[in-house]
Amino acid sequence: MLRKIKIFFGRVRTMSFRTMFSIIDQIHDELGQAKIVTLIDMIICAVTANIGYLDYHVFGFAKVKGAKRKTFMTMNENLSLVRQVNNPDDFKIFDNKVLFFEHFGEFTGRGFLNLEGKTADDLRKFCEGKNVVFAKQTETFGGQGITREPVSPDTDYTELFRRLTENRQYLIEDAIVQHSKMNELYSGSVNTLRMVTLVNNQNEPHFMYALIRMGQKGAKVDNISSGGMYAPVNADGIITHAAFCDKEGFCHDIHPTSGTKLVGFEIPYFKEAVELVKKAALVVPGMRYIGWDIAITENGPILVEGNNFPSYDMVQNYRHRDGDEGIKAKFEEVMGIKL
């Protein structure tokens, strides 16, 4: 208990009271629950279970009571699992986009060039016959440090090389052309699946869950931090619930830009995507718990990138659940341990 109290006060020092009270207001508007009741319950959850006010809201704990709260994977439990099964020495493979391509090239379905140690002529040769490439900083996330670069025989490659290297955009990739059906969701970005795998102690890869992420309203990326939306996808590749947008704070049954009905939409090549991530999960033996970003092309699924700290909160969003239980039991069953 003393440790939990220390963690609680550590969080108090970094929390945003404005955000917390805004969440309390939202819960009051949604459920009519007295604000003081929500505040007290939040404090109890923070002290006894290390659940912060953000997770309290995402998990829907204003409606989930008693023992069912223990079925949810918390931030600390997720971090504990990462520490148990992922080797920090291998984090660099997933943190550095160039190293990721070098290890997982057979699954990426596209060419790449590392500009470090290269010349403007190397860049020109890579871009021959292409209309566009993507330039990325090697150690960023959330869609940051990425630019779309139109190229042609008239491109000044000396100037392009200078600009990209000065901006530390050393990774140059072929553009991903997504499946025409994925364009129906939203054609302005590549709409990726977030698929999570966990390799158990018998070295068996398990597919844990999938979410689909979509851009909207002119955005060029589908990242949640950039205003994208996400929705759960079942084992048959079907979107089961309306898409939620963190920045807006509400769900969309119909995509606000494309007008596509989301619930019931079938992701093409989904079963092939499951097989792909299960194979990729065995490439780096020291990394057993991974969140994969998968794009769907006309020829099948391809790997975009991997994340060594998979999220635990989006898959437990109360707006996407049909019941009052979280995902912890599924992870415990695969690993044969109590989190």
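Q: What volume does the second largest cavity have?

A: On a 1 Å grid over the protein atoms alone, a cavity is a set of points where a 1.4 Å probe fits but cannot get out. Points are joined across faces, edges and corners, and a volume is the space filled by probe spheres set on them. Here the second largest cavity has about 30 Å³. The model is predicted: local features need pLDDT of at least 70, side-chain atom pairs count only at pLDDT 80 or more, and totals for chains, interfaces and linings use all residues. Residues are numbered from 1 along each chain as its sequence is written, and side-chain values use heavy atoms, with hydrogens and water left out.

Q: Which residues line the second largest cavity?

A: Lining residues have an atom within 4 Å of a point. Here they are K97, F100, F101, K136, L171, E173, V304 and E305. Helix 7 (97-108) gives three residues, the largest share; helices (H or I, at least four residues) and strands (E, at least two) are DSSP runs, numbered from the N terminus.

Q: What volume does the largest cavity have, and which residues line it?

A: Its volume is about 60 Å³. The lining includes I27, E30, L31, Y56 and H57, with helix 2 supplying three residues, the largest share.

Q: Which residues does F104 touch?

A: Contact means heavy atoms within 4.5 Å. Leaving out residues up to four places away in sequence, F104 touches I93, F94, A280, V283, V284, W292 and L303.

Methods
On a 1 Å grid over the protein atoms alone, a cavity is a set of points where a 1.4 Å probe fits but cannot get out, and a pocket is an open set with protein on both sides within 12 Å along at least five of seven lines; lining residues have an atom within 4 Å of a point.
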